[in-house]
Amino acid sequence: MINFNRRTKIYVNKNPTDMRESYDGLFNRAKNILCKDPFSGHLFLFINKKRSSCKCLYYDGTGLVIISKRLEQGLFSRINPSYKKEIILTQAEFSLFFEGADLNKRFIESPAEIRKNIVKTVACNYKQHAS
């Protein structure tokens, strides 16, 4: 079982990974591609090219742990490889991702933004009817 704490980060490898990779291969990817310490206690997420499978590498304090999942239906959310910065998921985003949810829809408008849009719409409608 993964014991997350609030300091645990989930780093995503943006490049497709061969799911035949095991401890050493994923360790090297985390160290050389993501430039992170695999013994840090953070979780490293690797996804295959078809986005049907993923593997996670995690150090639990006693050894490396690999968690692997293949979706029976659907695909894992798309990760943008062109994104310049590193991708770090929150624990909630990781849980959704691991269940196969679409993370592209994770951003919703705040109530303040909705209110601004309603005010603009009402003002535009009022001007059109006044003319």
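Lining the second largest pocket are Asn13, Lys14, Asn15, Pro16, Ile47, Asn48, Lys49, Arg51, Arg78, Ile79 and Pro81. A pocket here is an open set of points on a 1 Å grid over the protein atoms alone, where a 1.4 Å probe fits, with protein on both sides within 12 Å along at least five of seven lines, and lining residues have an atom within 4 Å of a point. The model is a predicted one, with local features needing pLDDT of at least 70 and side-chain atom pairs pLDDT 80 or more, while totals for chains, interfaces and linings use all residues. Residues are numbered from 1 along each chain as its sequence is written, and side-chain values use heavy atoms, leaving out hydrogens and water.

The volume of this pocket comes to about 170 Å³, taken as the space filled by probe spheres set on the grid points, which are joined across faces, edges and corners. Its lining splits into 4 nonpolar, 3 polar and 4 charged residues, with Pro counted as nonpolar and Lys and Arg as charged.

Ile47 stands opposite Cys54 in S3, and Arg51 has a positive phi near 65° in the hairpin of S2 and S3, with 5 residues between the strands. Strands are DSSP runs of E, at least two residues long, and helices are runs of H or I of at least four, numbered from the N terminus. Strand S2 (residues 43-47) runs antiparallel to S3, joined by 5 bridges; pairing takes at least two DSSP bridges. On to strand S4 (residues 64-70): 7 bridges tie it to S3, again antiparallel, and Tyr58 has Val65 as its bridge partner. The S3–S4 hairpin has 4 residues between the strands, and Gly61 in the turn shows a positive phi of about 100°. Strand S3 (residues 53-59) is largely enclosed by the rest of the structure, because 6 of its 7 residues are buried, meaning under 20% relative accessible area with a 1.4 Å probe, protein chains only.

As for the inside, the largest nonpolar core holds 18 residues, with Leu45, Leu89, Phe94 and Phe97 making the most contacts within it. Such a core is a set of buried Ala, Val, Leu, Ile, Met, Phe, Trp, Tyr and Cys residues joined through side-chain atoms within 4.5 Å. Strand S1 (10-12), S2, S3, strand S5 (87-89) and helix H2 (91-98) each supply at least two of its residues.

Conventions: Buried < 20%, exposed > 50% of the residue type's maximum accessible area, 1.4 Å probe, protein only.
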